[in-house]
Amino acid sequence: MTDLRAFCMPKWGIEMTEGTLAEWMVSEGDAFKKGDLLCLIETDKITNEVEAEKDGVVERIVVKAGGDAEAVGSLLAVFGDGSADAEAIDSFVAGFKPTSALGSVRKKKPAAQKVADDQPVPPKDASGGEKKPVKIDTNRPISPEALKFAEAEGVDISGIEGSGREGRITLQDVQQAARPARTPQLRGPVDHPEENLEVFASPLARRIASQNGVDLGPVEGTGPRGRIRKADVLKLLEGQGTASDAPFVPVDNRPEIEPFDRVRKVVAKRLTAAKQDIPHFYLRTSVCADPVIALRRHANLVLGSKASLNDFVVMAAARALRRHPEVNVQLHGEEIHRFPHADVSVAVASPNGLMTPIVRQADRLGIGQIAKATRALIDKAEAGRLGYDDLDGGTFTVSNLGMFGIENFDAIINPPQAAILAVGTASRVPTEGENGAIAFETRISLTLSVDHRAIDGAAGAKFLATFKTLFENPEELFA
């Protein structure tokens with residue numbers, strides 16, 4: 001059974017009787033989520049963004065954008081679940097009766113106003129005290145919740161004009177009546193040049209033009225039937241430069257001096273020495289992340305873990321290090337220390353600066369164990385409770401800035417380690433599919449920074465090749 005809903009011209013304020021649908025943000029057949037922007041509606045005073053109250057599909061757009069004004073309650077579109085056929089939609093439109101109800105949308109409100117709407121101020125009587133509960137007997141159409149609220153708060157419903165279907169009093173109507181009257185603070189008239197009523201322009205375009213002293217007479221509108229839109233006025237203002245002719249006056253811009261703390265001094269000293277003393281070279285590649293993303297979803301369900309994509313990076317790096325011990329090394333003076341197991345450091349931002357806590361013997365851990373160990377280290381870092389044992393040692397480092405949208409970067413080696421893997425963001429990119437067709441896949445950019453004193457280019461390249469194979473065939477991680 002289909003679920004069709006009417007999307008009507010909303011009513012904002014007592015004085016609003018009609019509105020103009022300025023622009024649709026969705027098209028017929030589009031699916032939308034609760035809170036998605038649906039359209040822009042103009043009145044004589046304002047232009048409002050309208051967003052969806054619940055999930056749905058645009059079954060049919062009845063009123064096109066840029067047309068004549070529509071009365072409050074007029075049918076603008078039909079929403080549903082995507083299963084309705086044309087005959088059912090035609091029948092729904094034919095049987096629709098206009099209403100002043102808000103329908104399937106709501107106007108965006110500032111967060112502060114939303115809190116106030118959800119938690120109305122208890123009404124006060126003439127003496128300033130809270131109204132006492134009363135029993136209301138009425139034959140007027142009113143919702144049960146609205147009646148309950150009115151009785152509890154002692155609200156007189158005789159003067160309330162219902163905004164619901166066929167004049168039904170809604171909970172919002174009673175809440176609005178329960179709020180104390182506000183005394184407006186009038187600031188006097190605003191000086192605006194006289195409008196040229198012969199110019200065909202939207203209210204918003206007129207307001208912007210008035211605020212910036214723009215004559216709409218010579219402006220060519222790009223809207224329906226030559227109507228001047230907001231974009232036309234803004235384009236004209238961009239061509240004229242800034243709207244204000246006031247001269248620019250520089251203000252004081254003296255810096256706030258903050259000396260290095262103890263941790264920052266140590267980090268700066270180590271990174272400076274690393275960049276000066278270590279002959280870095282860089283190897284770059286990218287990997288397809290779709291197999292890991294699919295496996296991660298099932299592994300988290302089966303294993304009950306909450307492994308992140310970075311946990312799989314750590315796991316693949318640890319397994320590759322076990323196969324390439326020449327990369328799993330530390331450099332001490334003129335000695336290379338090779339390790340049988342991979343202690344992988346994970347770069348973490350903490351209140352004390354960049355930290356690299358270590359997942360011990362990651363090559364021997366399953367994905368659930370790595371996820372648990374990494375989460376514990378991150379929690380300790382964010383709480384500032386990392387100890388010496390958490391940071392001492394490490395044979396390899398993974399630094400992931402992908403969660404910040406960074407596509408790729410070159411990381412500085414963390415001595416005495418000899419290599420660090422920089423991980424970028426996961427991006428959808430086009431690629432050649434079967435028979436030359438264009439397909440899309442998720443790819444992650446990788447950069448391996450290597451200390452050329454301890455690791456040769458060929459060794460680093462073989463390590464990356466093994467990592468790529470394991471990451472793109474994640475079932476081998478569990479072999």
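**Figure 1. Buried residues of helix H12 in the predicted model.** In this predicted model, the buried residues of H12 are Ala459, Gly460, Phe463, Leu464, Thr466, Phe467, Leu470 and Phe471. Viewed down the H12 axis, the buried residues stay within an arc of 160°, so they line one face of the helix.

**Figure 2. Length of helix H12.** H12 covers residues 457-472, 16 residues in total.

**Figure 3. The six-stranded open sheet.** The strand order is E10-E19-E18-E17-E13-E16. Pairing within this sheet is mixed. Strand E10 (280-288) and strand E16 (358-359) stand at the edges. Each has a single partner strand, so one side of each lacks a neighbour in the sheet.

**Figure 4. The E17 and E18 pair, with helix H9.** Strand E17 (residues 396-400) and strand E18 (residues 419-432) run parallel and are joined by four bridges. Within this pair, valine 398 sits opposite leucine 421 of E18. Helix H9 (residues 309-323) packs on the sheet. H9 touches E17 and E18, and also strand E13 (344-346) and strand E19 (438-451). The direction of H9 makes about 155° with that of E17.

Figure 5. Strand E11 (residues 329-332) pairs with strand E12 (residues 335-338) in the antiparallel sense. Four bridges connect the two strands. Valine 329 faces arginine 338 in E12. Two residues lie between the strands of this hairpin. Glycine 333 takes a positive phi there, near 65°.

**Figure 6. Cysteine 8 and cysteine 39.** Cysteine 8 has a relative accessible area of 2% and is buried. Cysteine 39 is also buried, at 0% relative accessibility. Both values count as buried because the cut-off is under 20% relative accessible area. A search of the whole structure finds zero disulfides.

**Figure 7. The whole chain, for orientation.** The protein chain contains 12 helices and 19 strands. It has 479 residues, of which 40% count as buried. Among contacts with a separation of 6 or more, 61% come from residues 24 or more positions apart.

Notes:
Residues are numbered from 1 along each chain as its sequence is written. This is a predicted model: local features need pLDDT of at least 70, side-chain atom pairs count only at pLDDT 80 or more; totals for chains, interfaces and linings use all residues. Side-chain values use heavy atoms; hydrogens and water are left out. A disulfide is a pair of cysteine sulfur atoms within 2.5 Å. Buried means under 20% relative accessible area, exposed over 50%, partly exposed in between (1.4 Å probe, protein chains only). Two strands pair if DSSP finds at least two bridges between them. Contact means heavy atoms within 4.5 Å. Axes are lines fitted to C-alpha atoms, for helices over the stretch in contact, and angles run from 0 to 180 degrees between N-to-C directions. The expected span of a helix is 1.5 Å times one less than its number of residues. The arc is that of the directions from the helix axis to the C-beta atoms.
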